Amino acid sequence: MPNIKSQKDRVEQTKKENASNKAIKSNLKTVTKKAAIAIADGSADAQTVATAVSTIDKAAQKGVISKNSARRKVSKMMKKANAAQA
């Protein structure tokens, strides 16, 4: 444990940030899995895919995942959604 007050504060901030990031990542995985299952079943509506894309964009905006990773995930999902729709 740190002895310096500022380092004690940083430890607490890091714990909060880690918990927040973990919650965002968990939600991101849940939403993308639901969208992927809906696309595979052919029951994907625009709302499901839009929610997943929005969640991915929000995670990238908050810095939980990188922007390139978010773009790659969205692109992959949209390709599958458009292929299933056609």
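Student: Which residue follows α2, and is its phi positive or negative?
Tutor: Glycine 63 follows α2, and its phi is positive, near 85°. Likewise, α1 is followed by glycine 42, with a positive phi near 85°. This is a predicted model, in which local features need pLDDT of at least 70 and side-chain atom pairs count only at pLDDT 80 or more, while totals for chains, interfaces and linings use all residues. Residues are numbered from 1 along each chain as its sequence is written, and side-chain values use heavy atoms, with hydrogens and water left out.

Student: Why is threonine 55 called buried?
Tutor: Buried means under 20% relative accessible area, exposed means over 50%, and partly exposed is in between (1.4 Å probe, protein chains only). Threonine 55 has 15% relative accessibility, so it counts as buried.

Student: What does threonine 55 touch?
Tutor: Contact means heavy atoms within 4.5 Å. Not counting residues up to four places away in sequence, threonine 55 touches Asn27, Leu28 and Val31. Of these, Leu28 and Val31 are among the buried residues of α1.

Student: Why are glutamate 17, threonine 14 and valine 11 called partly exposed?
Tutor: Glutamate 17 has 42% relative accessibility and therefore counts as partly exposed. Threonine 14 is placed in that class by its 33%, and valine 11 by its 27%.

Student: How do you know which side of α2 is buried?
Tutor: Val49, Ala52, Val53, Thr55, Ile56, Ala59 and Ala60 are buried in α2. They cover an arc of only 160° around the axis, which puts them on the same side of α2. That arc is taken over the directions from the helix axis to the C-beta atoms. On the other side of α2, Ala46, Gln47 and Gln61 are exposed. The cover over the buried residues of α2 includes α1 and α3.

Student: What makes the buried residues of α3 one face?
Tutor: Ser69, Ala70, Val74, Met77 and Ala81 are the buried residues of α3. Seen down the axis, they fall within an arc of 130°, so they line one face of the helix. The face turned away from them carries the exposed residues Asn68, Arg71, Arg72, Lys76, Lys79 and Ala83. The buried residues of α3 pack against α1 and α2.

Student: Why is α2 called roughly antiparallel to α3?
Tutor: Axes are lines fitted to C-alpha atoms, for helices over the stretch in contact, and angles run from 0 to 180 degrees between N-to-C directions. Angles under 35 degrees count as roughly parallel, over 145 as roughly antiparallel, 65 to 115 as roughly perpendicular and the rest as oblique. The axes of α2 and α3 come within 9 Å and cross at roughly 170°. That makes α2 roughly antiparallel to α3. Where they meet, the α2 residues include Val49 and Ile56, and the α3 residues include Val74 and Met77.

Student: What makes a set of residues a nonpolar core?
Tutor: A nonpolar core is a set of buried Ala, Val, Leu, Ile, Met, Phe, Trp, Tyr and Cys residues joined through side-chain atoms within 4.5 Å. The largest one here has 17 residues, of which Val49, Ile56, Ala59, Ile65 and Met77 touch the most other members. At least two residues of this core come from each of α1 (5–41), α2 and α3 (67–85). The largest share, 6 residues, comes from α2.

Student: Which residues does valine 49 contact?
Tutor: Leaving aside neighbours within four places in sequence, valine 49 is in contact with Ile39, Ala44, Met77, Met78 and Ala81.

Note on methods
Helices (H or I, at least four residues) and strands (E, at least two) are DSSP runs, numbered from the N terminus.
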